[in-house]
Amino acid sequence: MSTSKAATIQKRTGTIVLLTSMAVSIGWVIGKTVNVYQYAWAGAIFELLWVPMLAGLIGLPIFSMYKLLKEKFSFRSNYLYAVIIIVLTVTIVSFIK
C-alpha cells in the first residue's frame with residue numbers, strides 16, 4: 001500500500017472516531033437532560049442505543065489514546081479532539097442532576 005493511500009485511510013479513521021465521539025457525547029447529554037421516556041418511541045430508541053453508547057464512552061478514548069501515542073502526539077490529530085470531547089462529556093454528565 002502506498003503512503004498516500006495509508007495516510008488517507010488514517011485521516012478517514014480519525015474523522016470517523018471524532019464524529020462517533022461527538023454522536024456519543026450528544027446522546028449522553030440528551031439522555032441526561034431530556035425525559036426520553038415521555039414518548040414510547042423515544043424511550044425505545046434510547047434503550048436500544050445506550051449499550052453501544054456506553055461501549056463508545058469507554059472504548060473510544062482507549063482507542064484514541066492508542067492511536068494518538070502511535071502518531072507521537074500531534075495537536076492536529078482528530079484522536080486528541082475525540083479524547084477531549086469524551087472527557088468533557090463525562091465531566092458534564094457527572095455534574096448534571
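1. Helix H1 (3–33) and helix H2 (40–70) each contribute at least two residues to the lining of the second largest pocket. The structure under review is a predicted model. H2 gives the most to this lining, with five residues.

2. The second largest pocket has a volume of about 150 Å³. Its lining consists of Gly-27, Ile-30, Gly-31, Val-36, Ala-42, Ile-45, Phe-46, Leu-49 and Met-53. Sorted by class, these are seven nonpolar and two polar residues, with no charged residues.

3. The largest pocket has a volume of about 180 Å³. Here H1 and helix H3 (78–95) each supply at least two lining residues, and H1 gives the most, with four residues. The residues around this pocket are Ala-7, Gln-10, Lys-11, Gly-14, Glu-71, Arg-76, Ser-77, Asn-78 and Tyr-79. By class, the lining has two nonpolar, four polar and three charged residues. The student may set this beside the lining of the second largest pocket, where no charged residues are found.

4. The length of H2 can be checked by simple reasoning. The expected span is 1.5 Å times one less than the number of residues, so the 31 residues of H2 should span 45 Å. The end C-alpha atoms of H2 are 44 Å apart, which agrees with that expectation.

5. Where in H2 does a kink lie? A kink of about 40° is found at Leu-49, shortly before the proline Pro-52. Leu-49 is also one of the residues that line the second largest pocket.

6. Within H2, the buried residues are Gly-43, Phe-46, Met-53, Gly-56, Leu-57, Leu-60, Pro-61, Ser-64, Lys-67 and Leu-68. Against which helices do the buried residues of H2 pack? They pack against H1 and H3.

7. H2 is followed by Lys-72, which has a positive phi, near 65°. The student may wish to locate this residue in the structure when tracing the chain beyond H2.

8. The same check of length applies to H3. At 1.5 Å a residue, its 18 residues should span 26 Å, and its end C-alpha atoms are 26 Å apart, which agrees.

9. In H3, the residues Tyr-79, Leu-80, Ala-82, Val-83, Ile-86, Thr-89 and Val-93 are buried. The buried residues of H3 pack against H1 and H2. Among them, Tyr-79 also lines the largest pocket.

Conventions
Residues are numbered from 1 along each chain as its sequence is written. This is a predicted model: local features need pLDDT of at least 70, side-chain atom pairs count only at pLDDT 80 or more; totals for chains, interfaces and linings use all residues. Side-chain values use heavy atoms; hydrogens and water are left out. On a 1 Å grid over the protein atoms alone, a cavity is a set of points where a 1.4 Å probe fits but cannot get out, and a pocket is an open set with protein on both sides within 12 Å along at least five of seven lines; lining residues have an atom within 4 Å of a point. Grid points are joined across faces, edges and corners, and a volume is the space filled by probe spheres set on the points. Ala, Val, Leu, Ile, Met, Phe, Trp, Tyr, Cys and Pro count as nonpolar, Asp, Glu, Lys and Arg as charged, and the others, Gly among them, as polar. The bend at a residue is the angle between axes fitted to the seven residues ending there and the seven starting there. Buried means under 20% relative accessible area, exposed over 50%, partly exposed in between (1.4 Å probe, protein chains only). Contact means heavy atoms within 4.5 Å.
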